[in-house]
Amino acid sequence: MTQITIPRPDDWHLHLRDGEMLKAVAPQTAQHFARAIIMPNLVPPVVTGAQASAYRDRILAALPEGSTFEPLMVLYLTEDTDPKDVAAAHASGLVKAVKLYPAGATTNSNSGVRNFDNVRPVLEKMAEIGLPLCVHGEVTTHEVDIFDREATFIDTVLDPLRKATPGLRVVMEHITTKEGVDYVSAQGSDMGGTITTHHLIINRNHILVGGIKPHYYCLPVAKREIHRRALVEAATSGNPHFFLGTDSAPHTDDAKESPCGCAGCFTATNTMQLLAHVFDAEGKLNALTKFASENGPKFYGLPVNTNSLTLTKKSETATWPSKIASAAGPVTVFDPGFPVYWHIEN
Ligand code: NCD
Ligand code: ZN
């Protein structure tokens, strides 16, 4: 097959930032995607319905003229979050999920949750109204090795939290391990898992062998090859539990190429071309529709997009800018390290 047309894809985990960075990166996602779940880890975080509404306006203002891209807003769960505010933001149609960051787990997660007992009333309200919880699935315990933090989270936090809150819809985001794949696939339809583009392409060797590659560093950090293979198999299986969440997370080159470099890979520009390559290489191109366009809306109870995206395999390599300019500084686009022949037609 050299051409595929899929319903317009959505991104179920995206960082758009704010200010100058927002203006630079929002058009990149809006080029190919119809909707995206917008991560709320701004400084200060997007905690209340009013903050989410104001942030949504800033995102819409950053889109190219005539764009129909729809930001799906998310509230950042803190120990002070008011269940009534969450319920009202959901009832108005503004907010599509609430995000749980264990405090200290990743970029701008200091306002996250330390004591899960303090968020119990919010989680119970969410289970009652059917509002999904998106989870950054890593423990932050100092003693736990960074490569084990996801697997440990499943047993010590995620599974107990789900058992304590029956009916709560949960997305385990950016899964990076076989344990993550196995856990999510064994659950019912109230559990989903997102997979990023870069975790389908790199393993931990790509970050560390032959010199340290700051643009491959993200959280959760890429694991061993057996885990990458488990992710590729899950993503290309068509299994409704798994859908695309790019976790495209722009940082300026200064912030990445530093003695204490920020975590995040920026893939908004070339995700769809890269996914076509990965799915084609598995002989599973037809499963791209489910992963990028159908399974996500189904989990969130939203319609599949009616417009489409066509990708064509050509003899010449696909190209994209190696960096996106922003007034805050350049942002390096994720480089898969191999030639890609899949081009976007519309
Ligand atoms: C994200 C960011 O930069 O905001 N970084 C990342 O490595 N993925 C935060 C996150 O999703 O963990
Ligand atoms: Zn993220």
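The second largest cavity is lined by His215, Ala249, His251, Lys256, Gly264, Cys265, Phe266, Val331, Thr332, Val333 and Phe334. By class, this lining divides into six nonpolar, four polar and one charged residue, where Ala, Val, Leu, Ile, Met, Phe, Trp, Tyr, Cys and Pro count as nonpolar, Asp, Glu, Lys and Arg as charged, and the others, Gly among them, as polar.

The structure is a predicted model, in which local features need pLDDT of at least 70, side-chain atom pairs count only at pLDDT 80 or more, and totals for chains, interfaces and linings use all residues. Residues are numbered from 1 along each chain as its sequence is written, chains are lettered from A and ligands numbered from 1 in the order in which they are written, and side-chain values use heavy atoms, with hydrogens and water left out.

**Cavities and pockets**

Rolling a probe the size of a water molecule over the atoms shows where empty space is left. On a 1 Å grid over the protein atoms alone, a cavity is a set of points where a 1.4 Å probe fits but cannot get out, and a pocket is an open set with protein on both sides within 12 Å along at least five of seven lines; lining residues have an atom within 4 Å of a point. Grid points are joined across faces, edges and corners, and a volume is the space filled by probe spheres set on the points. The structure holds two cavities of 30 Å³ or more.

| Space | Volume | Lining by class |
|---|---|---|
| Largest cavity | about 110 Å³ | five nonpolar, eight polar, three charged residues |
| Second largest cavity | about 60 Å³ | six nonpolar, four polar, one charged residue |
| Largest pocket | about 270 Å³ | 10 nonpolar, two polar, two charged residues |
| Second largest pocket | about 160 Å³ | five nonpolar, four polar, two charged residues |

Of the 16 residues that line the largest cavity, His15, Thr106, Thr107, Asp247 and Ala249 lie nearest its centre. The largest pocket has 14 lining residues, with Ile212, Pro214, Tyr217, Cys260 and Gly261 nearest its centre. Helix 7 (residues 204-208) gives the largest share of that pocket's lining, three residues; helices (H or I, at least four residues) and strands (E, at least two) are DSSP runs, numbered from the N terminus. Among the residues lining the second largest pocket are Arg17, Asn41, Val43, Asn108 and His251.

**The ligand**

Ligand 1 takes up the space of the largest cavity, a molecule being placed in a cavity or pocket if more than half of its atoms lie within 2 Å of its grid points. Around ligand 1 are 15 residues, the closest being Arg17, Thr106, Leu219, Asp247 and His251; a residue is near a molecule if one of its heavy atoms lies within 4 Å of it. This shell has four nonpolar, nine polar and two charged residues.

Polar contacts are pairs of N or O atoms within 3.5 Å. A backbone N or O atom of Leu219 is 2.7 Å from an oxygen atom of ligand 1, a polar backbone atom of Gly264 is 3.2 Å from an oxygen atom of the ligand, and a polar side-chain atom of His136 is 3.4 Å from an oxygen atom of the ligand. Taken alone, ligand 1 exposes 310 Å², and the protein buries 100% of that, with areas from the Shrake-Rupley method and a 1.4 Å probe.

**Backbone features**

Most residues other than glycine have a negative phi, and most peptide bonds are trans. The peptide bond from Leu219 to Pro220 is cis, with omega near -5°, and Pro220 lies in the loop between helix 7 and helix 8 (225-235). The bond from Val43 to Pro44 is also cis, with omega near -5°.

Conventions:
A polar contact is a pair of N or O atoms within 3.5 Å; within protein, one must be able to donate a hydrogen and the other to accept it, and residues adjacent in sequence count only if both atoms are side-chain atoms.
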